[in-house]
Every structure is written in structure tokens, then in C-alpha cells.
Amino acid sequence: PQSGEVFGILKQMEETFSANLAESQKDEVAAQSTFEAVKLAKSAEINTGQDTLEDKTQQLSNAEVTLVESKNDREDTEASVAADKNFLTELKVKCALTDKE
């Protein structure tokens, strides 16, 4: 008589464990599917971020080149202005000498 009760309890435990296992497996499949979707989305975000980083790096490089070229142009322009001022001064002196003659 007692062994029947033990078998009944064991049978009930087996049914409970089987039901829990089936539900856990179903939850695991759903979690895996969700994980794959999140992984795919995050991979796309990472790729977009890397593309943006490459674009920004290229823009920075171009800006640095433009800055160097602009500084060189400025130096050339300042030298040209100085030479023009010097020429103007000399021209004024020559004109003044010519006017005196």
C-alpha cells in the first residue's frame, strides 16, 4: 500500500518535471530567438557606428589638410602684401624724387 503512494508521488513529480522542462525549453527557444534579433540589431548598429567613425575620420583628415593649405596661403598672402607695401613705399619715393626734378 505504501509503495503505491510512493509511485503516485513519483509519477506526479515526473509529470511536474516534464511540464516544467517543456515550458523551460519553450522559454529558451523564445529567449534564443530574441537574442538573435537583438544581436542582429546591435551588429547593424556597430557597423553603422564604424561607418560613421570612418566618415568622421576622413572629414577630420580633410579638414586638417585644408587648414594646412589655408595657413600656407595666408603666409603667402602676407608675404605678398608685405612685398606690395614695400613696392608702394619705393614707388612713392621715386615719384617724390621725380616730382622734385
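E78 and R74 both belong to helix 1 and stand four residues apart, about one turn of the helix. Between E78 and R74 there is a salt bridge, with the closest N and O atoms 3.1 Å apart; the term requires a side-chain nitrogen of Lys or Arg within 4 Å of a carboxyl oxygen of Asp or Glu. E78 is partly exposed at a relative accessible area of 43%, whereas R74 is exposed at 56%. In these terms, buried means under 20% relative accessible area, exposed over 50%, and partly exposed in between, with a 1.4 Å probe and protein chains only.

The structure is a predicted model, in which local features need pLDDT of at least 70 and side-chain atom pairs count only at pLDDT 80 or more, while totals for chains, interfaces and linings use all residues. Residues are numbered from 1 along each chain as its sequence is written, and side-chain values use heavy atoms, leaving out hydrogens and water.

## The second pair

The whole structure holds two salt bridges. Besides the pair of E78 and R74, the side chains of E45 and K42 meet in a salt bridge with an N to O distance of 3.5 Å. E45 and K42 are separated by about one helical turn because they are three residues apart in helix 1. E45 is partly exposed, its relative accessible area being 47%, and K42 is likewise partly exposed at 44%. Side chains of opposite charge can pair when their charged atoms come close.

## Overall form of the chain

Helix 1 covers residues 2–100. Along the principal axes, the C-alpha atoms fill a box of roughly 145 × 20 × 10 Å.

Distances within the chain can be illustrated by one pair. V81 and F7 are 74 residues apart along the chain, and their C-alpha atoms are separated by 107 Å. V81 is located in helix 1 and counts as partly exposed at 39% relative accessibility.

## Surface and charge

Of the 101 residues of the chain, 0% count as buried. The accessible surface comes to about 9,300 Å², and carbon and sulfur atoms contribute 59% of this surface; such areas come from the Shrake-Rupley method with a 1.4 Å probe. The chain carries 11 positive and 21 negative charges, whose mean positions are 11 Å apart. Lys and Arg count as positive and Asp and Glu as negative, without His and the chain ends.

V6, F7, I9, L10, M13 and F17 make a nonpolar surface patch of about 620 Å². L10 lies in helix 1 and is partly exposed, with a relative accessible area of 45%. A negative surface patch is formed by E69, D73, E75 and D76. E69 is also in helix 1 and is partly exposed at 46%. Patches consist of residues with over 30% relative accessible area and no salt bridge, with like charges joined within 9 Å and nonpolar side chains (Val, Leu, Ile, Met, Phe, Trp, Tyr) within 5 Å.

How values were computed: The place of a charge is taken as NZ of Lys, CZ of Arg, CG of Asp or CD of Glu. Helices (H or I, at least four residues) and strands (E, at least two) are DSSP runs, numbered from the N terminus.
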